Amino acid sequence: MTTTVLFDMDGIVLEGPRTDPQVYADAADAALSDLEVDPSPTRRRDFRRHDADRIRAHCEALGVDPDRFWELKERYASRGTHDRLRAGERGIYDDVATIRDLADRTAVGLATNNRHETAEFVADYVGIDFDVVRGRDPTFEGYERRKPEPDYIEDALAALGVGEGVYVGDSRKDVTAGRAAGLETVYVRRDHNRDRERPPNATVELEGLTGLPAALESL
């Protein structure tokens, strides 16, 4: 097998489709504390979310560097996520062993919308020797490059020096980004997407990662 296989992280490796919103709320509060800012409840609510325009406007009004706030929030969000994983509050799918087995036979990578710091942590935490790990940069610009844009997938391909392969994900935006990057796509069913319509441009649909090696042989 010589096909390069890139994997999404949330919903494929980590249980659940996304970071718990409370992680971001706590991260925003910690960042604001570091910056010695105590915003109004309405502004604090906006800081806990990801609306870049609102955050920039609030930072300007409060005399805060928005880039610094965003970087701190991302850093604290990573720490919160890592703590939840260590504590068992968020799990790893049992079938990620399939990725570990594939890594012995072909190039595998992790390309995710999640933070790059967390992607690197998860790769080490699950003990998979990924050939490339690419998550989002801790900047406003990095956040805008998320899927369905293909940027982070393309970054991973460039790091590997390849232009073909397969992207494995659990959402429509994963399939859209993978196809935009010129890859075949595998749409994996999990509990959180069980009742959703299959993306029309997905190459293959699977009920989990266990069937992935056989599917790759047919592509």
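Modeller: What follows is a set of questions about labels, each answered from this predicted model.

Biologist: Why does Thr19 count as buried?

Modeller: Buried means under 20% relative accessible area. Thr19 has 7% relative accessibility, so Thr19 counts as buried. Its place is in the loop between strand 1 and helix 1 (21-34).

Biologist: What does Thr19 touch, leaving out residues up to four places away in sequence?

Modeller: The residues are Asp10, Tyr24, Thr81, Arg90, Asn114 and Arg115.

Biologist: What makes the pair Thr19 and Asn114 a polar contact?

Modeller: The cut-off for such a pair of N or O atoms is 3.5 Å. The side chains of Thr19 and Asn114 are joined at 3.4 Å, so the pair falls within the limit of 3.5 Å.

Biologist: How do you know that the span of helix 4 (residues 66-86) agrees with its number of residues?

Modeller: With 21 residues at 1.5 Å a residue, helix 4 should span 30 Å. The C-alpha atoms at its ends are 30 Å apart, which agrees.

Biologist: Which residue caps the N-terminal end of helix 4?

Modeller: Asp65 does, with a side-chain oxygen 3.0 Å from the backbone nitrogen of Asp67. Just after helix 4, Gly88 has a positive phi of about 80 degrees.

Biologist: Which residues of helix 4 are buried?

Modeller: Among them are Phe69, Trp70, Leu72 and Ala77, and also Lys73, Glu74 and Arg84.

Biologist: How many bridges join strand 5 to strand 6?

Modeller: Three, and the two strands run parallel. Val186 stands opposite Val204 in strand 6.

Biologist: Why is strand 5 called mostly covered?

Modeller: Four of its five residues are buried.

Biologist: Which residues have the most contacts inside the largest nonpolar core?

Modeller: Phe7, Val13 and Val168, in a core of 30 residues. The largest share of this core, five residues, comes from helix 6. Another core, of 14 residues, lies apart from it and includes Ala28, Leu32, Ile55 and Leu72.

Biologist: What does Val168 touch beyond four places away in sequence?

Modeller: Its contacts include Val5, Phe7, Ile12, Val186 and Leu212.

How values were computed: Residues numbered from 1 in each chain as written. Predicted model: local features only at pLDDT ≥ 70, side-chain atom pairs only at ≥ 80, totals over all residues. Heavy atoms only, no water. Core = buried A, V, L, I, M, F, W, Y, C linked by side-chain atoms within 4.5 Å. Buried < 20%, exposed > 50% of the residue type's maximum accessible area, 1.4 Å probe, protein only. Contact = heavy atoms within 4.5 Å. Pairing = 2+ DSSP bridges. Expected span 1.5 Å × (residues − 1). Polar contact = N/O pair within 3.5 Å; in protein donor to acceptor, adjacent residues only side chain to side chain.
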